[in-house]
Amino acid sequence: MESTKNISRLLVVGLCLLLSGAPLGVLARGGEEWFSAWSVSHGLRLTTPAMSGTSVRMVVRPTISGDELRVKLENTMGSAPVVFSAAYVGVRAPGAALVPGTNRRLSFGGAPGLTLGAGQGAYSDPIKFRVRAFEELAVSLDVASASDISAHQVGLTTNYIASGARAAAASAEGFAPVPEFAPVNNGNLPFYWIANVDVRSPSTTGAIVLFGDSITDGRCSTRDANLVVQPDLYQRWGDVLAERLAALPANQSKGVSNQGIAGNRILNRGNGPSALERIGYDVLDRAGATHVVFFEGTNDITGGFTAAQVIAGTQAVIDQVHAAGMKIIGVTVIPRGRVGAGWSPAFEEHRLAVNAWMRAEAKFDGLIDFDRLLQGPVLDGSPSIKPELNCDFTHPNTAGYKAMGEFIDLRLFGNVSTWGNSK
């Protein structure tokens, strides 16, 4: 009799899981894998400020909760080795301070320090750490020696630097904000060396990688009414998406990994490595990845590439993502019409051709049509961004980013039975 009851209970549980739309295999594996919870892409080499003998404190905001974490450091854009003598992670308090008692030492292959050669990256050893979704953490690095800096440009976040070895300190003493570099008022508040935070989570069913350019990176997303960029606001369309995903039932929860680089192209270097150069380490390497949202092409068109070339490059991305066992969601190229400069009828023809291919022929697993969402009046022969959603005729404003994040159909990110790289 008891055996019959147990079987009945199992059947009821199985039926509930099926009705929830979540494959049994996904839920059964929850917590056994790592998931990319926060990331930036490196696309910039900096030679100032001088970094040897300093500490940096980089502020990160994981998109999922969990009980273990690991951090990836990269010297992707560096031309010489960088030596870190120590690394720590703790819960951020106001400014550069940390919540007392939370700062934990990281190790790399059991060692407290790490040397990264030019182009190299490395994960820290996992540590037990209580991660809460959207609670800011600070990764602190003691930089023993560095002749240049591998960086992410449009950080939109206040990070910190201090003289001496201060990574272990919870105090903000000695730390000052990392300076914005020119052109100012563009969100050019960089991240140094840190690339990714992975979280082991018992209630996460995948990670979504946002693979794009400045519109994914968030240019213009935090400009106030006076057009001044405000730091430490999370208002990109990917941030809106992450918060919507976090509100779903636990058996549908997913991390969000932002791999946007301002000025990025698919086919050659605009700003930073091209999409085809960086897809391996910026996308396919992301732990627990199940879905990729691909949003590039506009910078290729302004860079002189034809629709046929952009389509061929996009197809190469689709093929690599599918070969890795992930789903890929395409995004249409948004309007850029304006009076006077920056766009042309020829560019518009290529944009329309790329979008037509995306809608009718591309082998995406889904499509997000931001073009139709944002399309506004015709200026100099080409559609522009709706005035109420427009920042600078290339990027949306805060309201535009919010509309984009809310426009996305969450059903595009249904659970799948396999996950991406979890090494």
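Entry 1: I searched the whole structure, a predicted model, and found five cavities of 30 Å³ or more. I started with the largest cavity, which holds about 160 Å³ of space. It is lined by 20 residues, and those closest to its centre are Gly-155, Thr-157, Phe-191, Tyr-234 and Arg-236. I then looked up which elements give two or more residues to this lining: they are β1 (34-39), β3 (54-60) and β17 (255-260). Sorting the lining by class, I got nine nonpolar, eight polar and three charged residues.

**Entry 2: the next cavity.** How much space lies in the second largest cavity? I noted about 110 Å³. Its lining includes Ala-37, Trp-38 and Ser-39, along with Arg-61, Thr-63, Tyr-234, Arg-236 and Asn-258. Gly-238, Asp-239, Ala-242 and Val-256 also line this second cavity. I saw that β1, α4 (237-246) and β17 each supply at least two of the lining residues. By class, I listed five nonpolar, four polar and three charged residues here.

**Entry 3: nonpolar cores.** Next I turned to the largest nonpolar core, which has 43 residues. Which of them touch the most other members? My list reads Met-51, Leu-69, Leu-73, Phe-84, Tyr-192, Trp-193 and Ile-194.

Definitions and conventions:
Residues numbered from 1 in each chain as written. Predicted model: local features only at pLDDT ≥ 70, side-chain atom pairs only at ≥ 80, totals over all residues. Heavy atoms only, no water. 1 Å grid on protein atoms, 1.4 Å probe; cavity = no way out; pocket = protein on both sides within 12 Å on 5 of 7 lines; lining within 4 Å. Points joined across faces, edges and corners; volume = space filled by probe spheres on them. Helix = DSSP H or I, 4+ residues; strand = E, 2+ residues; numbered from the N terminus. Nonpolar A, V, L, I, M, F, W, Y, C, P; charged D, E, K, R; others polar. Core = buried A, V, L, I, M, F, W, Y, C linked by side-chain atoms within 4.5 Å. Buried < 20%, exposed > 50% of the residue type's maximum accessible area, 1.4 Å probe, protein only.
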